[in-house]
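Me: I would like to learn how to read a few features of a protein model. Please take them in turn, with the general idea ahead of the case.

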Amino acid sequence: MKKTLIAAAVVAMSFSSAANAAFVTTIDLFSTNQAQLTDNTNGGSYVMSQVGSAADATILGGYRDLGVNQLVGDGNPSHVTKADVFNGKMSFSNDASVSGTGLVRWDGANSGAALDATGLGGLSLGGSAFNITIIQSDLGFRFDLEAYTNSNQWSKITLVSTAHNTPFDSVISFGSFSLCGFDNGAGLTVTCGAGGAVDFANLGALQAVIDPLGGSTSVDLVIGEVTAVPEPASLALVGLGLLGVGALRRRRTAK
């Protein structure tokens, strides 16, 4: 069984107000293809590549970094961890009996293995929530979404998926990134830098890490579109099948 991530599109949302018109709302349309990366070496560092240009308006900041890192193999060099982008889809998978991690990063023209926490130059991200359409997830795995203003001011939301056989929308409120130190005891946590939570009006970098600890060797996940959207009035869901940190924020405020 393979672990597969297919992101059909990270798309722009249109807003009617003049204030929102100035915000950046396209994260990635995945219309700029990226050749397949493979890694068959246990541990070590990520195998990385970059595509885009300063004129590429389909990608946040113009450039996308893709990375894979096999963590545990079975001794067969043909069993690999791999990722690619093709025709509006981003795919990540581990061959059978192999575990590894992948990442998709938006930090400007920086092409090195290390993230540039200010590479986007302080973009203002429109909307107030990320919306992720999960088409299918047959097993659970960990997923980190990291947002940076700079190397000292950042937030990371760690989620653990549950299995879903039918499509559903999962919403992660921007406000959830400010819940520094939150831990629900079941894998949903919010971590911040020493300088506090990320400021989405001054975004320096954005990164998604797929199964960062390589804990799942056999999980199939299919993701549809991911969007920057206005936060729903009633937020009931958050990333990959867990009760929303946005909803938890509201409950905490009510108390």
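Me: Is the link of cysteine 180 and cysteine 192 left-handed or right-handed, and what is the angle about the S-S bond?

Reply: This is a predicted model, so the reading applies to the prediction. The angle about the S-S bond is -85°, and the link of cysteine 180 and cysteine 192 is left-handed.

Me: How many disulfides does the count come to, and what is the S to S distance between cysteine 180 and cysteine 192?

Reply: A pair of cysteine sulfur atoms is called a disulfide when the two lie within 2.5 Å. The count comes to 1 disulfide. Cysteine 180 and cysteine 192 are joined with S to S at 2.0 Å. The two residues are 12 apart and link distant parts of the chain: cysteine 180 sits in the loop between strand E11 (168–173) and E12, while cysteine 192 belongs to strand E12.

Me: Is cysteine 192 buried or exposed? And how does cysteine 180 count?

Reply: Buried means under 20% relative accessible area, exposed means over 50%, and partly exposed lies in between. Cysteine 192 has 18%, so cysteine 192 is buried. Cysteine 180 has a relative accessibility of 40% and therefore counts as partly exposed.

Me: What is the order of the strands in the open sheet of 7 strands?

Reply: Strands of a sheet pair through backbone hydrogen bonds, in either a parallel or an antiparallel sense. Here the order is E3-E4-E7-E13-E9-E10-E12, and the pairing is antiparallel. Strand E3 (47–52) and strand E12 (189–192) stand at the edges; each has a single partner strand, so one side of each has no neighbour in the sheet. On average, neighbouring strands of this sheet are turned by 15° against each other, direction ignored.

Me: How many bridges join E9 to strand E10, and how many residues lie between them in the hairpin?

Reply: E9 and strand E10 (residues 154–160) run antiparallel and are joined by 7 bridges. They form a hairpin, with 5 residues between them.

Me: Over how many bridges do E9 and strand E13 pair?

Reply: E9 and strand E13 (residues 205–210) pair over 6 bridges, in the antiparallel sense. In E13, alanine 208 is the bridge partner of leucine 145.

Me: Why is strand E9 described as largely enclosed?

Reply: Strand E9 (residues 142–148) has 7 residues and 6 of them are buried, so the rest of the structure largely encloses this strand.

Notes:
Residues numbered from 1 in each chain as written. Predicted model: local features only at pLDDT ≥ 70, side-chain atom pairs only at ≥ 80, totals over all residues. Heavy atoms only, no water. Buried < 20%, exposed > 50% of the residue type's maximum accessible area, 1.4 Å probe, protein only. Helix = DSSP H or I, 4+ residues; strand = E, 2+ residues; numbered from the N terminus. Pairing = 2+ DSSP bridges. Axes fitted to C-alpha atoms, helices over the stretch in contact; angles between N-to-C directions.
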